[in-house]
Amino acid sequence: MLLSIENVHRRYALPRTHLFRAPPVIPAVQGISLTLDRGEILGIVGESGSGKSTLARMVMGFERPDRGRVWLNGQDSATLPRAARRQTQMVFQDPYDSLDPRRSIGWSVAEPLLATSMTTTERHARAADRLARVGLSPADMARYPHEFSGGQRQRIAIARAIAPDPALLVADEPVAALDVSVQAQVLNLLMDLNRTMGLAMLFISHDLAVVASIADRIAVMQHGRIVETGPTAQIVAAPEHPYTQALFAAA
Amino acid sequence: MTLLILRRLLGFALTLLAISAAVFFLMNVLPGDPAMVILGIESTEDARAALRDQLGLNDPVIWRYLAWLGGAVQGDFGVSYSFKVPVAELIAERLPMTLALAGLATVVTVALALVLGVYAATHHGRAGDWAVMAFSQLGIAIPAFWLSMLLVILFAVTLRWLPPGGFPGWDDPIAALRALILPATALALVQSAVLARVTRSAMLEVMRQTYIRTATATGLSPARVMWRHALPNALVPIVTIIGMQVANLVTGTIVIENVFYLPGLGRLVFQAISNRDLITVQAMVTLFAAIVVTANFLVDLAYLWIDPRLRART
Ligand SMILES: Nc1ncnc2c1ncn2[C@@H]1O[C@H](COP(=O)(O)OP(=O)(O)OP(=O)(O)O)[C@@H](O)[C@H]1O
Ligand SMILES: [Mg+2]
């Protein structure tokens, strides 16, 4: 088992609105349990505000759950040392602003490898290989982010994420900011990486059709809870929960 | 890229030309008779008139400016009315001291401001942030000459760590450096107070950007994200302010050199003005302007280095 999420909860306290009353609290995630095997793609779908990104942040260890645990490779993610944390990488929604504008893309893709024992030549070769895998030319390494389109930048962000050979990729709305024609290309790329590198994915989207096109299994989230989960074929063929049926109607 | 640099160089030359002309014509409408300065008040009007004629002071202003400019581009700024030696010689003697003072002050300003500004930004809203902001508020409020006196009383008179003023010459570099520490600090503290604020707010702005979050997410250490991603991206406003502060530091040397009895350009300018030594003042003001314009030229070049998008756009 690569990832095991055990009954996690996360609440956010909003700024106090009244001097003598407790500040309002948003229960963003309320008791979620999930597992993910090596090489598997688990899709998380739910409307805006259902707590998907909050769940992703806890998996990445950016935030600790108030209750419950996240296990990565049998280790508690809250106490994982930084080196082990490189085993999980993340791709974000906004490709336009996710790369440092001052650094060439070769530099950015190679940077996560700095803390490893690799030599400069090895890092360079790895960066070139990863750019090639996402469909860019290693000759592009000296170019800067502003010279690329949104879809290309998302590919570069993916190349950087897979540079340290992670076992798990958390992708939070990775195609939501892209044109529909480009979306399919990036989804194909992710499936390709899943197959060739055995990369497991936690794939998050508000769009059930997108999730269904890539995931092996789907978990449907609403108000911080999982209302339905199962193999993609089953969810698509016979959605049980009314919320899932509503998502299909919307798609 | 080369084209861009050439264009900036041309602008640089034109700015200097405009400044020297403006200074020359301003000097001309100021009261004061160079012949009187040279010959003294005992001199006869005939002798003064003869000298004015000899100095070419009766020629049209534009003609005199062109003659002065022709000399200046060859390093000949004329002969000082009061010191009676070539102005170029006066400047050459004093320039190293002032450049060293302004340079040292710039280094102290930038180093102090970056450390304080980055520290405040990474401790936003916490005690360290408040402390830096309080220091900066204090630094902005205190006049440099008053700060100089405080520094002298503390470090020279009470603790006796550093000399209170004067300059031992360059033969002993250690002693020379020791003589420059207090004046450079007095110059730098005020400027670094301003620059630390700018650094802090520029850093806070950049730290909100997505690429900082994504860099952190790849597993980099927070220190690396701060110094290798956030700070370099915050540099544009910081470098802009540094460029403006170089002007303050250079003109600030006039006050500081007089407080600390340092034989630099600042003292010379002071003496030249009180002696109505217009030809020296003319050269000095043009020189100060040249230093400031050079600093701004370097800032423009720095932008090219900072932002790859500017480099491409030529
Ligand atoms: N740092 C925070 N402080 C306060 N409230 C937050 C914070 N982060 C998230 N929330 C709240 O928690 C809830 C869940 O947010 P989350 O971002 O996880 O949703 P999401 O499913 O990712 O939505 P979207 O599809 O819009 O990205 C929302 O109501 C949100 O306003
Ligand atoms: Mg989200």
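The model is predicted.

Polar atoms of chain A approach the ligand at several points. At A:K52, a polar side-chain atom lies 2.9 Å from an oxygen atom of ligand 1. The backbone of A:S50 places a polar atom 3.3 Å from an oxygen atom of the ligand. A nitrogen atom of ligand 1 is found 3.3 Å from a side-chain N or O atom of A:R57. Taken alone, ligand 1 exposes 630 Å², and the protein buries 64% of that area.

Chain A also meets chain B. Here 21 residues of chain A are in contact with 22 residues of chain B. The area buried between the two chains is about 2,100 Å². Carbon and sulfur atoms give 54% of this area.

Polar contacts link 11 residue pairs between chain A and chain B, counting pairs with both residues at pLDDT 80 or more. One salt bridge is found across the interface. In a salt bridge, the side chain of A:E111 meets that of B:R224, with an N to O distance of 2.8 Å. The side of chain A that touches chain B has nine charged, nine nonpolar and three polar residues.

Technical notes
Residues are numbered from 1 along each chain as its sequence is written. Chains are lettered from A and ligands numbered from 1 in the order in which they are written. This is a predicted model: local features need pLDDT of at least 70, side-chain atom pairs count only at pLDDT 80 or more; totals for chains, interfaces and linings use all residues. Side-chain values use heavy atoms; hydrogens and water are left out. A polar contact is a pair of N or O atoms within 3.5 Å; within protein, one must be able to donate a hydrogen and the other to accept it, and residues adjacent in sequence count only if both atoms are side-chain atoms. Accessible areas come from the Shrake-Rupley method with a 1.4 Å probe; for residues, only the protein chains shown count as cover. Contact means heavy atoms within 4.5 Å. Buried area is the accessible area (1.4 Å probe) that two parts lose on being put together, summed over both. A salt bridge is a side-chain nitrogen of Lys or Arg within 4 Å of a carboxyl oxygen of Asp or Glu. Ala, Val, Leu, Ile, Met, Phe, Trp, Tyr, Cys and Pro count as nonpolar, Asp, Glu, Lys and Arg as charged, and the others, Gly among them, as polar.
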